[in-house]
Number of protein chains: 2
Amino acid sequence: MSPQERTHATIVDVANRAGVAISSASAALNDRPGVSPSTRDRIRKVAAELGYVPSIRGRSLSTKRAFSVGFVVERDFAVLEADPFFGAFIGGIEETLEPNGYALSLQIAGSAESSLDRQVKLADARRVDGVFLSEIRIDDPRIEALRTRGLPAVGINPDAGFPFPAVRQDSAVAIHELVQEMVDLGHRRIAHVMGRESYVHTEQRLAAWRDAMSSAKLPAKTVVEGGFTYEGGVRAADRLLSRKQRPTAVFCANDLMALGFMNRAAELGLSIPDDISVAGFDGISVGEYIRPRLTSIRTDPRALGRESARVLLELIDGEAPADVEIPPATVLSRDSLGPAPR
Amino acid sequence: MSPQERTHATIVDVANRAGVAISSASAALNDRPGVSPSTRDRIRKVAAELGYVPSIRGRSLSTKRAFSVGFVVERDFAVLEADPFFGAFIGGIEETLEPNGYALSLQIAGSAESSLDRQVKLADARRVDGVFLSEIRIDDPRIEALRTRGLPAVGINPDAGFPFPAVRQDSAVAIHELVQEMVDLGHRRIAHVMGRESYVHTEQRLAAWRDAMSSAKLPAKTVVEGGFTYEGGVRAADRLLSRKQRPTAVFCANDLMALGFMNRAAELGLSIPDDISVAGFDGISVGEYIRPRLTSIRTDPRALGRESARVLLELIDGEAPADVEIPPATVLSRDSLGPAPR
DNA sequence: GCAAGAAGCCGAAACGTTTCGGGCTTTTGC
DNA sequence: GCAAAAGCCCGAAACGTTTCGGCTTCTTGC
């Protein structure tokens, strides 16, 4: 069986059958002026009869548009697997893309280099009209690559000075609230398990925690890196809980690390939240399913996806969209936070 | 900023600069015969200088190929979020697609109707050369839609009689082993929490469980539906554990339901695995992170993706690939299985 | 009743590639 | 030394759209 045995009706077929020029058919079908109501109807009817659907290929070539946008996910498979951001974000993107006749070209890259490479290939082959930039690193090389190519891009939670339009969801306020909640519960030694180094969102969460600590007049010294993985959380627990003056509360930069931390703490004989309080970030559904249920910070990846796509489409249309700020993340209070032990 | 301000080098530019005809440039760059080594080199050099990358658009139109395949995911967001299949499967697809110059067009559909609709649109607009068919339903309408359109497709774990090439991973053997393990531990009343009705994989797992039970000469009567969701698992626990003669072991058709079941059982004062044994299906990483760790059945969505893409590409190339069977799923023994209470 | 304008329609070019048939030149075989 | 074959290269058509300038025909305003 050949790849395309059944041949599709083209606009030429429609035009012929309706007895008009191709240009008239095109105008009629695209709601452009210059064709009388009666011919327009006739053309429409013929098109429907023939089951005509415009070929995105011809259209692409002619309009110099791919009608497709790209998203290169750069994440370890291990992390990806337990990551809610991914699916929800894409779902949000789709909400905007679909009604606009756009499709999403998704790629998964294992490493940063390959991620850059893939992004570049998408752009150079003119496969996409624009891309989403997520999981942004400090001095991310993708930014420069995109810039020299003049490819429209939108950043998800980038830092200040980002050269493309951005969509952001503030989480600093929620982190402040969370820390304040800990303080109100009597905690004074509050540690942070930070994410993978050199990621912008790692820094953002770290900075917010630091600010919150200093607002509470507490030292923001106790930080260990957990790399956003479960195992990182386990290691962090080992490191933090072996200290003489161990923290009584821990804020982990994502839920996966919080899970690892909790499990290791339990293995070490500590009870949560009686002996130690733990909070995560992301609000993944699994946090609801474990015991104690994980207190976290709820973000809205779906809205982030929806808005990013909207901004990207505007950018592709030649507009100059302003940055978008969606409603801030909120504290998701559950059971892993308790009063500080005395 | 216009969508395409920087203009890419085309094959015409290459041909002009190299002083040859376009057809020669094309032949040279595509390793086709009919051009001397020296001119070939010259053309290649010029192409490199100009940073020439063939436009997928022009190529698509000319070759009648999209160089892109489609995958429409039809799943509730709630399920999607905690689902490992998705990310790993796509990762596997990519492993095959990327070296072959193909891209993946991903869509997420909330409902079955919309899923069909999206699939059809992808096909009719000639956006893709083929599609993956996953989460197949009994009498899935997508099959017919694909058939009438003559669009290449490959099925993931379809049932017998599926009209397109298929890639399968057997799980019946593993389910047999799992049930046998339960029997060996003294269990006699073993229940099944099945997935969402009318899905092929729901039936497959149910049938395997039934077979295993009958091999062990046990009645395969106790079945409740859990719809593949966490809440379904919770409800299943309510239903099964309120019986006078409650089961001592439960096999859930996915891990998410097993999680719900375990949590509800714990809430009802039952201890796992002392009072009741629980097993899931999928082997999601979260199963490792909860206590007790969830015994499950490990599948290999990554390999499934990799092989499906391989088969799909062959099919697109006009070959007639045979069905592929990847190594079977295995039992992932952890802590949620124990001896039957007496 | 007539010039000017508008409306409706058409033909052709353009987008970037591949492919095919056909000339020209060089090599080969005898 | 000559015909045949091979090798190299070229021009043009085709893929399916959109778009633009121009040609008719109709309407309008006076």
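## Salt bridges within a chain

B:Arg137 and B:Glu74 form a salt bridge in which the closest N and O atoms are 2.7 Å apart; a salt bridge here is a side-chain nitrogen of Lys or Arg within 4 Å of a carboxyl oxygen of Asp or Glu. The pair links distant parts of chain B, 63 residues apart: B:Arg137 is in the loop between β3 (131–133) and α8 (141–149), and B:Glu74 is in strand β1 (residues 68–74). Helices (H or I, at least four residues) and strands (E, at least two) are DSSP runs, numbered from the N terminus. B:Arg137 counts as buried at 18% relative accessibility, and B:Glu74 counts as buried at 6%. Buried means under 20% relative accessible area, exposed over 50%, and partly exposed in between (1.4 Å probe, protein chains only).

In chain A, A:Asp238 forms a salt bridge with A:Arg264, with 2.6 Å between the closest N and O atoms. A:Asp238 lies in helix α11 and A:Arg264 in helix α12 (residues 255–267), so the pair ties together parts that are 26 residues apart in sequence. A:Asp238 is partly exposed at 31%, and A:Arg264 is partly exposed at 21%.

## Basis of the model

This is a predicted model, in which local features need pLDDT of at least 70 and side-chain atom pairs count only at pLDDT 80 or more, while totals for chains, interfaces and linings use all residues. Residues are numbered from 1 along each chain as its sequence is written, chains are lettered from A and ligands numbered from 1 in the order in which they are written, and side-chain values use heavy atoms, with hydrogens and water left out.

## Contacts between chains

Over all chains, the whole structure holds 46 salt bridges. In one of them, the side chains of A:Glu98 and B:Arg118 meet at 3.6 Å, N to O. A:Glu98 lies in the loop between α6 (84–97) and β2 (103–109) of chain A and B:Arg118 in helix α7 of chain B, so the pair joins two chains. A:Glu98 is partly exposed, with a relative accessible area of 28%, whereas B:Arg118 is buried at 7%. Both residues belong to a network of salt bridges that also links A:Glu94, B:Asp117 and B:Lys121.
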